Structures are given as C-alpha cells and as structure tokens.
Amino acid sequence: MPLEKDEPWYKHAIIYQAHVRTFYDSNGDGIGDFPGLDEKLDYLVDLGINTIWLMPFFPSPLRDDGYDIADYYSVHSSYGTLEDFKKFLVSAHERRIRVIIEMVLNHTSDQHPWFQESRSSQENPRRDWYVWSSTDARYHEARIIFLDTEMSNWAWDPVSKSYYWHRFFSHQPDLNYDNPAVREEIWNVMKFWLEMGVDGFRLDAVPYLVEREGTNCENLPETHAILKELRRKLDEQFPGKMLLAEANQWPADLRPYFADGDEFHMAFHFPLMPRMFMGVKLEDRKPITEILQQTPEIPPSCQWCLFLRNHDELTLEMLTDIERDYMNDSYAQDKAMRLNLGIRRRLATLLDNDRRRIELMNGMLMSLPGTPSIYYGDEIGMGDNINLGDRNGVRTPMQWSGGWNGGFSAADPEKLYAPLIQDPVYGFPAVNVLSQKRTQHSLLNWMGRLIAVRKTTHAFGSGSIEFLYPGNQRILAYVRQLGDEKILVVNNLSNAAQAVELDLRRYKGNILIEMFGKNIFPRVGELPYLLTLGPYQFYWFRLRRI
Ligand code: GLC
Ligand code: CA
C-alpha cells in the first residue's frame, strides 16, 4: 500500500535485524561481510521486509560483539571497508530497503583512543571524556546490569590509578555526557553516517547517559535533555531520519523517551515481549491485555517497536519476581539457558519448535500496535547453541542450505567465527533457506505470506486498538481501526481447540473477510458472534459493510 501523505515511513516498516558477521561470508575467511550481505539482499526483498537494522560493524576488539566500539568512523576490517558499506547502502536503497544502524552512545571500548588518552594521565585533555573517581563508592544506587560477569559499576584503572564508571562490561567505560565536547563529538559521529545516507539509528542503552548522586542513574532529566538535543539537530539537518530507543524500562519510564514527539520516533516495547511468551504458556490473555492497558498513549508521530527475539538474552528485567520465576521455570529449565536476568534462546527453541505457536507469536507480533522487528534466522526457525558463551548461542551463522557450512561460507569449518548449528532438529541440514524455499508450506514461505498480508492494510501500523473481552480468557481478541478500515484479530493462546463468543454488536451489518484466504464469514448480527479456533490458531478478519 502506498503511504498516505505525512505518514512517517517507520510506522509501516517491517524491520529485519541482521548482523553482518553472521549473515553471509563472500570471501571465504569464515566471517560474514558487507559484500556478502549485499548479495543476500534479494532474499530479504523476497521475504517482504523493508528495513534492515544492523548490529555494530565498527572497528572493535569484539569483546561484546561490536558493542565495544574502538572507532566510530570506520568499518571493522573483517566485515569489509567503508566503500563496501556504501555499496551495500546503495544496493539496499535501490531495493527500497531502508537501513538503520546501531549507535552505541553510552560507552566505548577501553581500546578506543579516546579512553587510552583519557586514562594516560589525570591532566590529559580527554581526561574528562569518561567518568573518573578516586573512590568506588559513588552512585551506589545504580544497579548492575551484567550481573553474571560484573561485581561493580566501577573498575580500577592501574594506569591512572583511579576508578572509571561502566554500566556494562568493565571493558566498556561510560562516556561523560556532562562534557559538552563528548556531546558534540557524538553528534559528529551521527552526522557522518547520516550524510552517508543511513536512514536512522537504534540508539543503544540510552537510559544510562548521565549519572547523578542519590539516583539510580537511569532515565534522568539530564539524559532526556541530551537526547532531545540530538533529535533537534536531526530534525534540523536530516529530516525524515529516525531514532529508535533501546530503553529496557517499565511503560511509565519508557513513555518520556517519546516526550512531546520531540525525542525518539520509536522505542522497543520491552515489557510487552516477555508477556507474550507468558500469555501463551499460561494460556491466558491477561498478561498481554494488562501491560497494554498500562501502556500510556504516545504522540501521534511516535511508534512502538515490537519484537519477539533479538541478539540479546530474552530479557526478564521488566517482570516481577514471581513472573520471572514463572518464565524461567517455563522456558529455561536448564540453568545453562539463563544469562543475567534473561533467557539466551531463540524463538523456535523457546516454543519447542511448535510451528503453531511460532505462527501465533508472529501473528501477534504483526498485528499488535507497533512496527515489528524480526531477528535474523527466526524466519526459518533456526535454533541456538547454549554451549557457546554469553549471547553467542543465538548469533550463529545464517543457515542458507544443507551444503558446506550451511551455505554460509566456503572456509574450512574450523575457521568460521562460530560453529553452525548442527543438531538433528535445528541443524543446517534440516533447517535452511534453500529447502524452505522449495516447500510451499515452509515457515519461511509462511512468514512471507504473513508479511504480505500485514502490508495490505495500514491499520496494523498506525490504527487504534480496542480489546474485546470474551468470557473465554484463552482468547485474545482486538479490533485495529484506521479511518474506515477495521481489522478484527482473534488469537487462541491455548493448546486446545476453543470456541468463543464475541460481542461485535457495534459492527452489526459487517461481514468478516478472512485476510489470508479472502473467504467470507457470516455477517455480524445482534447475537454474539461465534467462532471456533484450533490449538494456537489465529484469525485476521477485515470488517466490511457490503
Ligand atoms: C545493549 C545491547 C547489548 C550490549 C549492551 C552493551 O543492551 O543490546 O548487546 O551488550 O547494550 O553495549
Ligand atoms: Ca568474509
């Protein structure tokens, strides 16, 4: 569907989260690269996505897979050159695919020359670019995020004999945003990539930019002021570009990141995601309806970004202790699957490779209010490898075929940056793009159809939502509406067939058109509308007055 006038593009984006290193290795060195990603763009076009979000690809010691940046103005040599990136960007744009890149504002690698200078002496002009202290007692109310590896948010620097502040790994010192020179330089970095033509940024770890004594150092007004300033510059110099916030916070704390429509365009809905998994496990709509009711309205130009999985652990931070225990018991019985406050597994493995549940979850991802983001490999049901450390188990090479290295690379298998998934259920001989292309009913082809159907209406991207509350709690039903367009969505969250009576009286006289098969269902009358659904089945209906 063509975009209406003034409708921002990101409201109708279908985002595909890709990692250069994991996608396709064009030169046989065992590591994915930009020419490789470029070669695979048509695959993404076929899938129907229209936006790529790239994980960090900058020079880096890769101790946090590139979230530890050592140079913001270049490309990691394993992934290609800046020229390769530019070529890729042109190819993507030629295919009408927008490119969002990652921007890590909060911290750098300890290998970054800025930090090397900063630590070199207390008098160095860059000393104040990071947060230094003679004691490790300051800001003690700030929680530790990487609980499994870090004991403190302070680390001792033997070179300059003082402590530096870090919210993530100790090799990721936080930049000092109270220093105007830092703020200016970060804008220069963003400008560099915007001028090259990128369409937006996922801004990593934004709640933590500023520290203040006596607070938990998250979501501070000073942090919001800095983000708003970046947005102001963006609007002035690069209208039409987009900022997406990674702020893993409760709805009430997330809301300020949209401000009055003058801070972020989009933010991930972190609290919703685990509750979708809870809803299907409990076979109860309540976790989902409750969190969406608690979600405040956002300005009309703003948009939620929805996701089921990403490159990190499935975070359980935005849950109560009881909910978290429930999620761990349900989805991560093996302790090796747990990491920090989360679960390091992929979508297909979390859902026991149950095609019906995978479809249901993706159906909700595509029909609840927001812009969906799909994590690479989940469209074919790739598995994970919990024997790899940290979050690397969900970042294994993309499985293109059943052939050599799953079609990812011509290198010797020992040379790959990470081993392919090999197990009999999820391994590349069983789960790969080539074989799924050949079978009409494969998950890959089904995902393509789902995306295509989503794109037939703008109601999913920018319509309102109204929940129906049928007596049967196992059914999650809602109407998405934009102008005259009305879509009724009915999800069966349970493992058994269900009947449901929906009160559709206000739509009396409409017929229901099932959106995948385009078949007509009976007209809505005065009586409760009866539907039956198989286990984990869902329906999308267009309501039409004919
Ligand atoms: C974000 C990223 C995560 C990274 C962390 C530190 O949370 O999603 O992968 O480790 O920031 O940069
Ligand atoms: Ca390569």
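In this predicted model, Leu 82, Phe 85, Lys 86 and Leu 89 of helix 4 are in contact with Phe 192, Trp 193 and Met 196 of helix 6, where contact means heavy atoms within 4.5 Å. Sorted by class, this contact of helix 4 with helix 6 holds six nonpolar residues, no polar ones and one charged; Ala, Val, Leu, Ile, Met, Phe, Trp, Tyr, Cys and Pro count as nonpolar, Asp, Glu, Lys and Arg as charged, and the others, Gly among them, as polar.

Local features need pLDDT of at least 70 and side-chain atom pairs pLDDT 80 or more, while totals for chains, interfaces and linings use all residues. Residues are numbered from 1 along each chain as its sequence is written, chains are lettered from A and ligands numbered from 1 in written order, and side-chain values use heavy atoms, without hydrogens and water.

Helix 4 (residues 82-94) and helix 6 (residues 180-196) pack at an angle of about 50°, with axes 10 Å apart, and are therefore oblique to each other. The contact of helix 9 with helix 10 comprises eight nonpolar residues, one polar and one charged.

Around ligand 1 there are 13 residues, of which Asp 64, His 107, Asp 204, Glu 246 and Asp 312 come nearest (near means a heavy atom within 4 Å). The shell contains three nonpolar, three polar and seven charged residues. Polar side-chain atoms also approach oxygen atoms of ligand 1, as polar contacts (pairs of N or O atoms within 3.5 Å) listed here.

| Residue | Distance to an oxygen atom of ligand 1 |
|---|---|
| Arg 202 | 3.2 Å |
| His 311 | 2.8 Å |
| Arg 391 | 2.9 Å |

Key: Polar contact = N/O pair within 3.5 Å; in protein donor to acceptor, adjacent residues only side chain to side chain. Axes fitted to C-alpha atoms, helices over the stretch in contact; angles between N-to-C directions. Helix = DSSP H or I, 4+ residues; strand = E, 2+ residues; numbered from the N terminus. Parallel < 35°, antiparallel > 145°, perpendicular 65-115°, else oblique.
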